[in-house]
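Colleague: I have some questions about the labels used for this model. Please set each value against its definition.

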Amino acid sequence: MTHAKHRIALLPGDGIGQEVCESAVLVLDVLARRHGFELVWTEFPWGCDFYLQTGSMMAPGALETLESYDAILLGAVGSPKVKDHVSLWGLLIPIRRRFDQYVNLRPVHSVRGVRSALNSPEPIDFLIVRENSEGEYSEAGGRLFAGTPRELAVQESVFSRTGIDRIVNFAADAALERKGKLVSATKSNGIIHTMPFWDEVASEVAESRGVPNDLQHIDALAARFVIAPQSLDVVVASNLFGDILSDLGSALTGGIGLGPSANLNPERDHPSMFESIHGSAPDIAGLGVANPTGELWASSMMLEHLGEVDAARELIEAVETVLSVPGRCTRNLGGTGTTRSFTDAVVNHLEPLARNASPVVKV
Ligand code: ATP
């Protein structure tokens, strides 16, 4: 037991982000009691509603405010009333960049109690390491001749040696802790400047770390995700490729509502941010039927990052136990449960454990 105090900035955001964050706070508070650490929550109302009221996705000075927290837990951001690029570039991307959260970690593994979209009984377990600070998601570019027949848009990708070096090093570390197999997503046959550079630096880094680097074109790799996901261990990819592959990964193991994502600043100079990979799901927002698994799994990654490893493991165990009971899950998995009933089931699974927990030691 660590008896630590962790200050968490809570950004529920929009739509079902609010619902799944409520679930995460309820469950995490139970785990904190059981494991004798303290979570101090500060909630911020930033997101698309805030934008519609104020013209900004976040309050002035938001990044300076967030800087002082130990971690950020985010729900989801997005609304049909606000253009996607406005919400993304007004909140998520500034946070990722300001706090140099250059690793986006997306574990893909079979969840007990959830049927895979693939008809294979063999479990899936691999890790996607997505570059999160540069690549294809760049502001470099613009439009010319707007509103005329000659209108054109140019979008530049940005790949730096530093950026590729650090993400591949992180992925190599992860591979060395797992089965030692690294696949690097590329498209160097079609994208003739940035991707050969990515391949070159990735191979140099992997070789220096003693990890075999399997360079695979993104199209063939996407097919491999479906045909032979069990052959994968760690996949490292640029910002765009990693984004697409991780949605595919979550689809393989039960759907977009289940996947977690950690935006990490590995050096811990700044707070890291944890979120489910799904969006604000306007089609089901407010109905109380969102599945909170992705947010709970992301919360487990946050606990692990904060050093609360036992609590992190117990959270996953509790969620999988609840998912294993037929009918108890939410309707995206064929059940009749609501966000609240699912959350209550997770809490009820943990509460007897909480009641048996050792008392918190006060010093
Ligand atoms: P974004 O562009 O913000 O990533 P998106 O357009 O990919 O979002 P989502 O908001 O993630 O879309 O929703 C995609 C579909 O998945 C919707 O039909 C939504 O209802 C469903 N969905 C997403 N998350 C969940 C969840 N936690 N529980 C149940 N269904 C979900």
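Colleague: Why is Asp-247 called partly exposed?

Modeller: Its relative accessibility is 32%. Buried means under 20% relative accessible area, exposed over 50%, and partly exposed in between, with a 1.4 Å probe and protein chains only. So at 32% Asp-247 counts as partly exposed. This is a predicted model: local features need pLDDT of at least 70, side-chain atom pairs count only at pLDDT 80 or more, and totals for chains, interfaces and linings use all residues. Residues are numbered from 1 along each chain as its sequence is written, and side-chain values use heavy atoms, with hydrogens and water left out.

Colleague: What makes Arg-106 buried?

Modeller: The relative accessible area of Arg-106 is 6%, so Arg-106 is buried.

Colleague: How do you know that Asp-247 forms a salt bridge with Arg-106?

Modeller: The closest N and O atoms are 4.0 Å apart. A salt bridge is a side-chain nitrogen of Lys or Arg within 4 Å of a carboxyl oxygen of Asp or Glu. The pair is therefore counted under that rule. It links distant parts of the chain: Asp-247 sits in helix H8 (residues 239–252) and Arg-106 in strand E4, 141 residues apart. Helices (H or I, at least four residues) and strands (E, at least two) are DSSP runs, numbered from the N terminus. Arg-106 and Asp-247 also belong to a network of salt bridges with Arg-130 and Asp-243.

Colleague: What links Asp-219 with Lys-187?

Modeller: A salt bridge, with the closest N and O atoms 2.9 Å apart. Asp-219 lies in helix H7 (residues 218–227), Lys-187 in the loop between strand E8 (182–186) and helix H6 (194–209), so the pair ties together parts that are 32 residues apart in sequence. Asp-219 has a relative accessible area of 46%, so this residue is partly exposed. Lys-187 has 19%, so Lys-187 is buried.

Colleague: Why are Asp-344 and Arg-340 said to be about one helical turn apart?

Modeller: Because they are 4 residues apart in helix H11 (residues 339–356). Asp-344 is partly exposed, at a relative accessible area of 31%. Arg-340 is partly exposed too, at 44%. By this rule, the salt bridges come to 18.

Colleague: Which residues make up domain 1 and domain 2?

Modeller: The domain assignment gives 1–111 + 256–363 for domain 1 and 116–122 + 159–253 for domain 2. Such bounds come from an automatic or database domain assignment. The C-alpha centres of the two domains lie 26 Å apart.

Colleague: How do you know that domain 1 is in contact with domain 2?

Modeller: Contact means heavy atoms within 4.5 Å. On that basis, 15 residues of domain 1 are in contact with 9 residues of domain 2.

Colleague: What area do domain 1 and domain 2 bury between them?

Modeller: About 1,100 Å², 63% of it on carbon and sulfur atoms. Buried area is the accessible area (1.4 Å probe) that two parts lose on being put together, summed over both. Tyr-102, Arg-106 and Val-108 supply 41% of the area that domain 1 buries against domain 2, more than any other three residues.

Colleague: How many salt bridges are there between domain 1 and domain 2?

Modeller: The count is 3. Arg-106 forms a salt bridge with Asp-247. Strand E4 (residues 103–109) gives the most to the side of domain 1 that touches domain 2, with 5 residues.
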